[in-house]
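Here is a briefing on one protein model.

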Amino acid sequence: MSNPQLELVSHHLCPYVQRAVILLLEKDIPHQTIYIDLANKPDWFRQISPLGKVPLLKVGAEVLFESAVICEYLDETTPGSLHPLDPFEKAKHRAWIEFGSSILVAMANFFNAPTEEPFEQKRQELIEKFTWVERSLETPYFMGKSFSLVDAAYAPIFRYFDAFDAIADFGVFADTPKVKTWRQALEERPSIQSAFAENYSQQLLTLLRQRDSYLSMLAQQPSNPVGAD
Ligand SMILES: N[C@@H](CCC(=O)N[C@@H](CS)C(=O)NCC(=O)O)C(=O)O
């Protein structure tokens, strides 16, 4: 039986989509990509997306949603596995992927916080979350030498921090040396380098300038002229 045709429904800045993009590149999986405007969702998308969110993976006539599920499906249907074989280790990896999603939510709130107080709360939350990650992390990758689905889930997190670093050093990784090593190893991985547009940070900063948030105010201070036209 021939493999079903795969189509990734995407948005160019979505970190959850980028998890699937990394898997597709890492395992060299043939696919097509359809980009949509999340501010103006097409009807066909509303009709097939139960949560109204990207990514979706169209698999022939069927549709998968949720990035972690899509990544597992892509992994299980292609040679080699990026998940541990041991059920307990695999369960732990799933838990850390879920934790990565909670980091993405905290980052969105950091990005959009309207004033200094909630911004600082989110900065502290991010520091605490990465302290948890530090305790569970091998290096250079999450489980040591082998690249896994956890690595694909966290690489988009670090790409967002590349944009934040262009504004200021927010000290999120000041006390997590293993996380810093991990971030560096992920940024050097070819699948991850190819998954993001060269001007990804610049595009994020452009999006930030459209927000009326504390971080966008910091980005536009004269000492931080990032993303200026
Ligand atoms: N839990 C979902 C989260 C996906 C998600 O939040 N996608 C955002 C874009 S980054 C989205 O589509 N938002 C549109 C909306 O909420 O209306 C996953 O892991 O796939």
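α4 gives the most to the lining of the largest pocket, with eight residues. This is a predicted model: local features need pLDDT of at least 70, side-chain atom pairs count only at pLDDT 80 or more, and totals for chains, interfaces and linings use all residues. Residues are numbered from 1 along each chain as its sequence is written, and side-chain values use heavy atoms, with hydrogens and water left out.

**The largest pocket**

- The volume of the largest pocket is about 890 Å³. On a 1 Å grid over the protein atoms alone, a pocket is an open set of points with protein on both sides within 12 Å along at least five of seven lines. Grid points are joined across faces, edges and corners, and a volume is the space filled by probe spheres set on the points.
- The lining of the largest pocket has 31 residues. Lining residues have an atom within 4 Å of a point. Cys14, Pro15, Tyr16, Leu38 and Val54 lie nearest the pocket centre.
- Three helices, α1 (15–26), α3 (67–76) and α4 (87–112), each supply at least two lining residues. Helices (H or I, at least four residues) and strands (E, at least two) are DSSP runs, numbered from the N terminus.
- By type, the pocket lining divides into 19 nonpolar, five polar and seven charged residues. Ala, Val, Leu, Ile, Met, Phe, Trp, Tyr, Cys and Pro count as nonpolar, Asp, Glu, Lys and Arg as charged, and the others, Gly among them, as polar.
- Domain 1 (6–76) and domain 2 (87–219) each give at least three residues to the pocket lining.

**The two domains**

- The chain is assigned domain 1 (6–76) and domain 2 (87–219). These bounds come from an automatic or database domain assignment.
- The C-alpha centres of the two domains lie 21 Å apart.
- In domain 1, 16 residues are in contact with 23 residues of domain 2. Contact means heavy atoms within 4.5 Å.
- Domain 1 and domain 2 bury about 1,600 Å² between them, 65% of it on carbon and sulfur atoms. Leu13, Arg19 and Ile22 supply 38% of the area that domain 1 buries against domain 2, more than any other three residues. Buried area is the accessible area (1.4 Å probe) that two parts lose on being put together, summed over both.

**The cavity**

- The structure holds one cavity of 30 Å³ or more. A cavity is a set of points where a 1.4 Å probe fits but cannot get out.
- The largest cavity has a volume of about 60 Å³.
- Its lining is Arg19, Ala68, Cys71, Glu72, Ile97, Leu149, Ala152 and Ala153. Of these, six are nonpolar, none polar and two charged.
- α3 and α6 (149–165) each supply at least two residues of this lining.

**Local features**

- Arg189 sits in the loop between α7 (177–188) and α8 (190–195). The Arg189 side chain makes a polar contact with the side chain of Glu26 (2.5 Å). A polar contact is a pair of N or O atoms within 3.5 Å; within protein, one must be able to donate a hydrogen and the other to accept it, and residues adjacent in sequence count only if both atoms are side-chain atoms.
- A cis peptide bond joins Val54 and Pro55, with omega about 5 degrees. Pro55 is in the loop between α2 (43–48) and β3 (56–59).
- Thr139 and Pro140 are also joined by a cis peptide bond.
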